[in-house]
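User: Hi! Could you walk me through this structure with a few questions and answers?

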Amino acid sequence: MVESAYQTLIQQSQRATAALVRQGKLLNVPNTGLAMGKQVVEFARQHPQAALVAVNAIRQESSLTYPLPLKAALIMAILGLRSQLNDHYLQHLTGATFTLLSAASYHRDTQILHFEPTVLAGLKKHLGGPQLALWRSVFSVGKLLAQPNFHRYLANPAINYPQWWLICCSHLSIRFSFSFYAALRPLALSGNVRYEATLRQWLTYPGDIWPGAQAPTESGKHTVMYKTDSQYGVLPSSIAPTPAIEWKTDIALRPSHYIRFNKWAELTAKTHQAAQQIAAFKFEGRRYPVSHPPRSIITIIDMLQDSELDIGRLAAELEQEPAFADALKHSATLDNRLQLPVKEVKQAVLTYGTERVGDMLVLEALMQRLTQHYFPLGACCKNLLVTSATLASLIAAQVPSRLSAQSAALVSTFSLAPVFTLPALKILARFPHNAQRLFDVNALLSLKTGEEFVAYAAELAANWHQPKIHQAIIRQFGKMPAQASPGLQKEFAVISLSLLLSRKWLFVSGQLDEASIEALRQCLHILKLKPEFIAHLQAQVSSSLYTPITHRL
């Protein structure tokens with residue numbers, strides 16, 4: 001199966017590169033490059049060990065006329081997954097790199113990349129439109145790659161995030177032959193300090209010696225078969241029909257060469273048990289699906305909605321989530337009047353009450369999932385979400401309604417969660433905010449989306465087993481606050497007002513539109529709040545009223 005996927009990747013790469021070089025009349029350059037980006041990233045995700053082997057095996061493939069684009073794309077996919085880049089962003093970044101390097105050839109005698117000017121100019125003509133800004137950014141530094149020791153340009157502060165990735169992966173694709181550390185060292189010495197944490201991740205995994213490396217020893221040839229973040233799986237020279245893998249935390253082997261992919265696949269078949277053991281290991285570590293919470297949290301949510309709740313059993317379940325349990329005890333310590341230390345989860349639950357504990361748990365888990373992967377606008381989206389949730393919490397604490405401060409923050413967070421799931425937002429450098437109808441989450445973006453925010457947000461809340469009232473509040477979006485269902489007007493006004501104010505303070509420097517002015521008036525009337533309260537709220541969230549600069553475009 002893995003060998004078939006590898007051969008398919010080789011064939012598709014050969015066809016794509018040939019098409020990009022030939023540039024026929026029907027060629028769609030971005031679609032061709034993006035299709036390869038998706039395929040390479042998916043191959044690296046589904047077959048991480050095979051992807052590590054493939055990086056050094058593809059140069060031995062006689063059927064691959066253009067190995068450079070695929071090698072650079074594989075390195076980018078591997079390291080991008082390791083660095084927790086968002087899928088859609090990584091696919092575009094990988095596709096743009098593959099497309100650019102399709103116009104390049106590497107001269108081993110001069111150790112310089114040479115770009116064919118006609119091919120490069122032809123590719124650039126296809127990169128118009130706002131959705132391809134990342135591609136244009138990558139292509140704009142293509143001329144730097146044609147310079148000797150082009151890694152030195154990493155020290156230039158004008159180099160942005162996708163350009164940094166391009167230079168790093170292009171350098172590694174031509175310099176990595178035996179030791180990854182030897183190829184990585186010039187990047188570490190030349191690079192900007194803000195990327196140090198990213199480079200450090202690569203030291204532990206993928207590490208220095210990658211799977212497929214073979215080295216002679218006194219007892220015969222030893223082959224590195226697998227690599228995790230803490231161990232190497234080494235296959236000693238053996239004629240046994242089922243040789244055993246030796247797991248080592250460190251190896252002193254200096255590889256003499258990397259074996260062909262089909263040879264590695266053959267050895268993998270002989271070490272079937274070890275291959276199964278390593279199958280669960282992924283570059284990006286554990287992935288958290290946004291569409292639904294883990295079973296342990298669902299269990300807790302369902303317990304909290306039980307009228308005959310056993311507090312002791314609930315505390316035991318909460319202790320199975322150590323990070324949340326510790327945060328809950330710390331928060332309860334700060335919130336009790338005497339600020340006495342809270343050492344037990346049960347005591348923390350009694351401090352807050354079961355409903356508030358449930359809202360806090362879901363909010364923590366949801367935020368973890370929404371923000372787990374990087375994309376350029378991720379910090380901006382998070383700041384909008386946090387500001388709106390904070391405002392909802394502050395407003396709910398001041399007005400009588402069926403929303404507690406915690407539940408108001410949670411409903412606000414579910415309402416804005418779709419901004420983290422839209423593919424179009426993953427490759428933009430500027431937040432496409434719509435300055436009209438600031439109270440309506442459906443009117444948040446000046447982008448065409450296939451589904452309204454409210455539909456996805458309500459579905460997400462249902463999947464997370466949220467109370468019916470929370471789902472009903474979300475479904476009111478699209479209406480003016482005074483037009484909401486009579487039994488939900490106060491609760492919807494809390495959420496609408498928090499959204500309106502956060503959007504106004506973060507994105508709109510001028511006057512409000514007429515619909516937003518009317519919605520603001522209705523919210524204040526429904527909640528019986530005075531205009532002076534708005535200034536008080538602004539002072540309380542002033543530290544959050546900024547738009548993060550997307551230095552990593």
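User: Which helices do the buried residues of α17 pack against?

Analyst: Happy to start there, with a predicted model in which local features need pLDDT of at least 70, side-chain atom pairs count only at pLDDT 80 or more, and totals for chains, interfaces and linings use all residues. Residues are numbered from 1 along each chain as its sequence is written, and side-chain values use heavy atoms, leaving out hydrogens and water. Helices (H or I, at least four residues) and strands (E, at least two) are DSSP runs numbered from the N terminus, and contact means heavy atoms within 4.5 Å. The buried residues of α17 pack against α15 (311–318), α16 (322–335) and α18 (354–370).

User: Within what arc do the buried residues of α17 fall?

Analyst: Buried means under 20% relative accessible area, exposed over 50%, and partly exposed in between (1.4 Å probe, protein chains only). In helix α17 (residues 345–352), the buried residues are Val-345, Ala-348, Val-349 and Tyr-352. They line one face of the helix, because seen down the axis of α17 (taking directions from the helix axis to the C-beta atoms) they fall within an arc of 100°.

User: What is the strand order in the open sheet of five strands?

Analyst: Two strands pair if DSSP finds at least two bridges between them. The pairing in this open sheet is antiparallel, and the order is β6-β5-β4-β3-β7. The edge strands, each pairing on one side only, are β6 (246–248) and β7 (257–258).

User: Which residue in β5 is the bridge partner of Thr-223?

Analyst: Strands β4 (residues 220–227) and β5 (residues 232–235) are antiparallel and pair over four bridges. In β5, the partner of Thr-223 is Leu-235.

User: And what angle does the direction of helix α12 make with that of β4?

Analyst: Helix α12 (residues 261–270) packs on the sheet, touching β4 and β5. Axes here are lines fitted to C-alpha atoms, for helices over the stretch in contact, and angles run from 0 to 180 degrees between N-to-C directions. For α12 and β4 the angle is about 80°.

User: Which residue in the turn between β1 and β2 has a positive phi?

Analyst: Strand β1 (residues 104–107) runs antiparallel to strand β2 (residues 112–115), joined by four bridges, and Ala-104 stands opposite Phe-115. The two strands form a hairpin with four residues between them. The turn residue with a positive phi, about 55°, is Gln-111.

User: How far apart are the closest N and O atoms of Asp-87 and Arg-45?

Analyst: A salt bridge is a side-chain nitrogen of Lys or Arg within 4 Å of a carboxyl oxygen of Asp or Glu, and the whole structure has ten of them. This pair links distant parts of the chain, with Asp-87 in helix α5 (residues 87–101) and Arg-45 in helix α2 (residues 29–46), 42 residues apart. Asp-87 is partly exposed at 22%, while Arg-45 is buried at 10%. Their closest N and O atoms are 2.5 Å apart.

User: Why are Arg-200 and Glu-196 separated by about one helical turn?

Analyst: Arg-200 is exposed at 51% relative accessible area and Glu-196 partly exposed at 36%; the two form a salt bridge with closest N and O atoms 2.9 Å apart. They are separated by about one helical turn because, in helix α11 (residues 196–204), they are four residues apart.
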